[in-house]
Amino acid sequence: MQALTRLLISALGLPASCRVDQRVPKKMLIENGAPTSADKRLINDTVEEIQWLAALKSHTVGVAEYRDAEREYLEVAVLCISTRHAPPGDGASATKKPVNTSRLAELVHRAVPYPVLLLLVAPQGLFLSLAHKRWAQNEAGKVVLDGEPTTVSVTLDLTTEHPFMHALALARQPRVDLLALYQGWMDCLSAWQAAQYTGTFTATNTPAQAAARREALRTCQRLELESARLRTLATKEKQMAKQVELNLALKRIRVELASTREQL
């Protein structure tokens with residue numbers, strides 16, 4: 001896992017001008033990103049180390065800041081968090097639980113006032129996570145998440161020659177401003193998610209293509225959830241007529257899912 005983490009950091013191609021390479025105290029994450037006692041326990045029990053790898057600013061990477069009425073991107077932070085297994089739930093001999101990576105990534109994004117490229121090293125794998133930020137509507141000066149974070153699992157068999165690794169390079173991201181740069185990384189994650197359906201990693205060439213892919217991914221995820229729900233209902237249903245009805249609905253969902261996958 002450590003080798004893959006180093007490989008990914010290297011693939012980002014972060015110049016020395018933006019490197020920070022400082023350890024961040026865990027208490028800062030607890031104080032700024034843990035709204036509940038359960039969240040505090042998650043951080044305390046699972047976070048081993050937080051490394052602030054880089055700060056991408058206009059003067060460190062030569063990319064302009066972004067400002068409008070909804071948001072301002074003055075900096076992009078690159079963080080790496082290493083975790084350990086969550087403690088057992090019942091008794092010392094209970095099986096250790098995997099880390100709740102989705103919730104932990106969300107807490108990190110909420111705690112840091114800048115958009116974050118997060119590398120999350122957990123016992124169950126390596127994850128990359130990004131989340132857009134915007135101004136809060138009801139609280140002046142406060143920054144909140146703009147939609148759900150995008151968090152993807154990265155497979156262990158990646159090599160430096162994989163197109164995903166090439167696509168992640170800072171030099172390959174749009175350089176109009178920091179928002180465009182960050183969206184470029186977002187689009188890399190969307191391409192990685194699409195590859196899990198298609199078997200091939202293909203980067204998009206235009207913002208319109210990237211937006212269409214994101215919409216298709218959302219549709220695929222929605223249809224997969226609906227398919228799982230219908231399968232569960234069908235296995236529990238005792239009446240033959242309703243079983244037939246559910247199976248027909250499931251077949252329609254599968255046809256729609258296959259059609260949507262072709263748009264990826």
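Predicted model: local features only at pLDDT ≥ 70, side-chain atom pairs only at ≥ 80, totals over all residues.
Residues are numbered from 1 along each chain as its sequence is written, and side-chain values use heavy atoms, with hydrogens and water left out.

Helices (H or I, at least four residues) and strands (E, at least two) are DSSP runs, numbered from the N terminus. Axes are lines fitted to C-alpha atoms, for helices over the stretch in contact, and angles run from 0 to 180 degrees between N-to-C directions. The two packed pairs are listed below.

| Helix pair | Angle | Axis distance |
|---|---|---|
| Helix 2 (residues 26-33) and helix 5 | roughly 80 degrees | within 8 Å |
| Helix 8 and helix 9 (residues 240-261) | about 160 degrees | 9 Å |

Contact means heavy atoms within 4.5 Å. Leu29, Asn32 and Gly33 of helix 2 meet Leu107, Val108, Arg110 and Ala111 of helix 5. This contact has four nonpolar, two polar and one charged residues; Ala, Val, Leu, Ile, Met, Phe, Trp, Tyr, Cys and Pro count as nonpolar, Asp, Glu, Lys and Arg as charged, and the others, Gly among them, as polar.

The angle of about 160 degrees between helix 8 and helix 9 makes helix 8 roughly antiparallel to helix 9. The contact includes Leu223 and Leu230 of helix 8 and Leu250 and Leu257 of helix 9. Its residues divide into 11 nonpolar, five polar and seven charged.

The largest pocket holds about 730 Å³ of space. On a 1 Å grid over the protein atoms alone, a pocket is an open set of points where a 1.4 Å probe fits, with protein on both sides within 12 Å along at least five of seven lines; lining residues have an atom within 4 Å of a point. Grid points are joined across faces, edges and corners, and the volume is the space filled by probe spheres set on the points. Of the 26 lining residues, Glu148, Thr150, Met186, Gln193 and Arg214 are the closest to the centre of the pocket. Helix 7 gives the largest share of the lining, nine residues. By class, the lining has nine nonpolar, 12 polar and five charged residues.

Note on methods:
Parallel < 35°, antiparallel > 145°, perpendicular 65-115°, else oblique.
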